[in-house]
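The following note sets out points on the helices, the sheet and selected residues. Please read it beside the sequence and the model.

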Amino acid sequence: MDKNFYITTPIYYPSAKPHMGHAYSSIVSDFFARLKKIQGYDVFFLTGTDEHGQKIQRAAESNGKDPIKFCDEISKTFKDLCKTLNLSNNDFIRTTEGRHKKSVENLWNILENKKEIYLSKYSGWYSVSDEAFYADDEIEEVNGSKICKISGSKVEWLEEESYFFKLSKWQSSLLKFYEDNPEFILPETRKNEVISFVKSGLKDLSISRKSFSWGIKVPNNDDHVIYVWLDALTNYLSALNYPNVNDNLYKKFWPASVHIIGKDILRFHAIYWPAFLLAADIEPPKRVYGHGWILSGDEKMSKSKGNILDPIEIIDKYGLDPLRYYLLKEVSFGNDGNISNEKLENCINSDLANNYGNLCQRVISFCEKNIGLKVPDVDKFNNDDVEILNIFKINFENLKNQIDKQNINFYLNFIVDQLFKANKYFNDQEPWKKKTDIKRLNTIVYVALEIIRKISILLYPIIPESSLKALHIFNISEKDIDFETILDNNFLNKGDKINKIQILFNKIT
Ligand code: MSP
C-alpha cells in the first residue's frame, strides 16, 4: 500500500503581511500532515510564497522598494509564521528561487514542444489583485468601476501580445478526468461549480505578459514573462526537484495527495493545473480541496475594508493551541466561518479548559492521591469499561475513511463526544466512593487514563503542544505517537511511572 502523503498549502502572495485567512489554510494543512504522520505515512508538507507578477511588482513600487528586497522582507514574515503556528512543514518554497525557475522553464518547454502553446494577442479584462483574466459576462459596473462579479476585485482592460495555452482543446479530457476521479475536487458542491464552468466552454488561456517584467522570462523570448499562475502552480513540482523525475522526492511524492486551497482559487487548481499537467504528460494531483473563507464579522477580510484579522495578535492573547482548535472545530470545513474574541473564549472555556483540561487534571490528581503516580493494576473490565474503551475500536475504520475525505468536522465531533463521555464515566463510576474496593478503584482509574491517552493522540494533530503535555503523563513523546494504538485497551503497563500534568488551559473569566 502507498504510504506516502504529499500535502500543500497555497503559496501566499507576499504583498502584505500574513492574515488569519493564510493562517487558516496553513493550520488545516498541518492538521492533515500530522495526522498522516502518526498513521505511519511518510509525509511531505509544503508551503511557501508566490512572488512574481504584476500585483507584487506594484506593491513593491508603492513601497518604494526593489521587488526582490520587498519579497525577501515579506516572505520572511510568512516563513516566521510557520514557526509561530507550529507547522510541521518540510519545505518552504519561494518562486524567486533558482530551483523553481528551472522547473517552470522546463514545463514551458515541454508544453511548447508538444505544440500546446502559440503566440497571439490578448484583449480582455484582467484583475491584478486576483492575477486573473475574466470574460465579459463575469464583469459588472459598480460606481463607475469595472468589477469582477465573482471576486469583487477591480479589473482593467488589457491588450497585448501574449502566448496562449490551448486550454479549449482539453475541455473533454478534463470532464473525463473529473468523471474518472470523482473525488478529485472536494467538497462536492465546489466540484459541481467547476464542472458546470468547464461544460459552459473553455477558451484558450493567455499565459504570458508583456507590459511588465517581474517574473520568469519566457524561454527564447525575453519580451514576455510567464503568467504568474502557470509559474506559481508549478511550485508543487519544483519542491520535489522536478524536472529531475528520477529524484527520490519526485518519485515518492508526485502526484500530490491533496492541495489545500481557498475556494477563491479553485479555478486555477481544478481546471488550469490539471490541464497543464495532462498536456505535459504529467499525472495531475489526486485531490484539490477548496475550503471556505474566514470572515471578519460577515465580510471577507481586505486591506481596503480595514478588517484584517491578525493571527499573531490572537495568539499573543490566547495562545496558539486555542486558535488552532477553534479554527478546526468551530469553522465547519468547506464552509465560511468567522472568529470573534467572545466565540474563542467560549470555546476555550467549554471544550479545552472544562472538558479536556479538567479531565486530565482530575484523573491524575485522584490517581496521585489514591494510588500514587503509577499506572494502577487492573482487575477485570466491566461492561461500562468495555463500552467506553471500545468506542475507539468501533469507530476506527470510519474515522480513517472520513479523514481521508478531509472530513474534519466528523473527526472533531468524535473527539468532543468522547471527552463528554469520559468525564461522565468518571462521574458516574464515582471512584471516590470505592475506597474499600481498591480493585474497582484501580480499574476505573486505569480506564480513565487509557481514555486520556487515546483522546490525546487524537488531539495531537489539532493541538500538538498541549496534547504532548498530556501524553507526557505516560512518558509518550512525539516520535512515539502511533494512531493505531487507540485500538489498544491495555496499552499502559501496570506499575509504570506516570507524571503530573501542568495546567493545560486557563479558564478565561
Ligand atoms: N498566490 C496565490 C495562490 C497560489 S497557489 C499556487 C494566492 N495567494 S493569496 O495570498 O491571495 O491567498 C492564498 C490563500 O490564502 C487562499 O486561497 C486561501 O487559501 C487563503 N485565504 C486568503 N484569504 C482568506 C480568507 N479570508 N479566509 C480563508 N482563507 C483565505 O491566491
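1. Helix α2 is followed by Gly-64, whose phi is positive, near 65°. Helices here are DSSP runs of H or I with at least four residues, strands are runs of E with at least two, and both are numbered from the N terminus. The model is predicted: local features need pLDDT of at least 70, side-chain atom pairs count only at pLDDT 80 or more, and totals for chains, interfaces and linings use all residues. Residues are numbered from 1 along each chain as its sequence is written, and side-chain values use heavy atoms, with hydrogens and water left out.

2. Within α2 (residues 54–62), the buried residues are Gln-54, Lys-55, Ile-56, Gln-57, Ala-59 and Ala-60. Buried means under 20% relative accessible area, exposed over 50%, and partly exposed in between (1.4 Å probe, protein chains only). These buried residues of α2 pack against α3 (67–84), β4 (117–127) and β11 (208–209).

3. Gln-39 lies in the loop between α1 (20–38) and β2 (42–49). Its relative accessibility is 11%, so Gln-39 counts as buried. Apart from neighbours within four places in sequence, Gln-39 is in contact (heavy atoms within 4.5 Å) with Lys-3, Lys-400 and Phe-483.

4. Glu-484 belongs to the segment after α17 and is partly exposed, with a relative accessible area of 44%. Residues up to four places away in sequence aside, Glu-484 touches Phe-396 and Lys-400.

5. Strands β17, β16 and β18 form an open sheet in the order β17-β16-β18, with mixed pairing. Because β17 (299–300) and β18 (337–338) stand at the edges with a single partner strand each, one side of each is left without a neighbour in the sheet. Strand β16 (residues 294–296) pairs with β17 in the antiparallel sense over 2 bridges; pairing requires that DSSP find at least two bridges between the strands. The bridge partner of Ser-296 is Glu-299 in β17.

6. How do helices α12 and α13 cross, and at roughly what angle? The axes of α12 (residues 320–330) and α13 (residues 341–370) come within 10 Å and cross at roughly 95°. Axes are lines fitted to C-alpha atoms, for helices over the stretch in contact, and angles run from 0 to 180 degrees between N-to-C directions. The two helices are therefore roughly perpendicular (65 to 115 degrees; under 35 is roughly parallel, over 145 roughly antiparallel, and the rest oblique). Pro-322, Tyr-325, Tyr-326, Lys-329 and Glu-330 of α12 make the contact with Lys-343, Leu-344, Cys-347, Ile-348, Asp-351 and Leu-352 of α13. By class, this contact has 7 nonpolar, no polar and 4 charged residues. Ala, Val, Leu, Ile, Met, Phe, Trp, Tyr, Cys and Pro count as nonpolar, Asp, Glu, Lys and Arg as charged, and the others, Gly among them, as polar.

7. Helix α16 (residues 438–459) packs with α17 (residues 464–471) at an angle of about 155°, with the axes 8 Å apart, so α16 is roughly antiparallel to α17. Arg-453, Ser-456, Ile-457 and Leu-459 in α16 meet Pro-464, Ser-467, Ala-470 and Leu-471 in α17. The residues of this contact divide into 5 nonpolar, 2 polar and 1 charged.

8. Ser-456 of α16 has 0% relative accessibility and so counts as buried. Not counting residues up to four places away in sequence, Ser-456 touches Tyr-356, Ser-467, Ala-470 and Leu-471.
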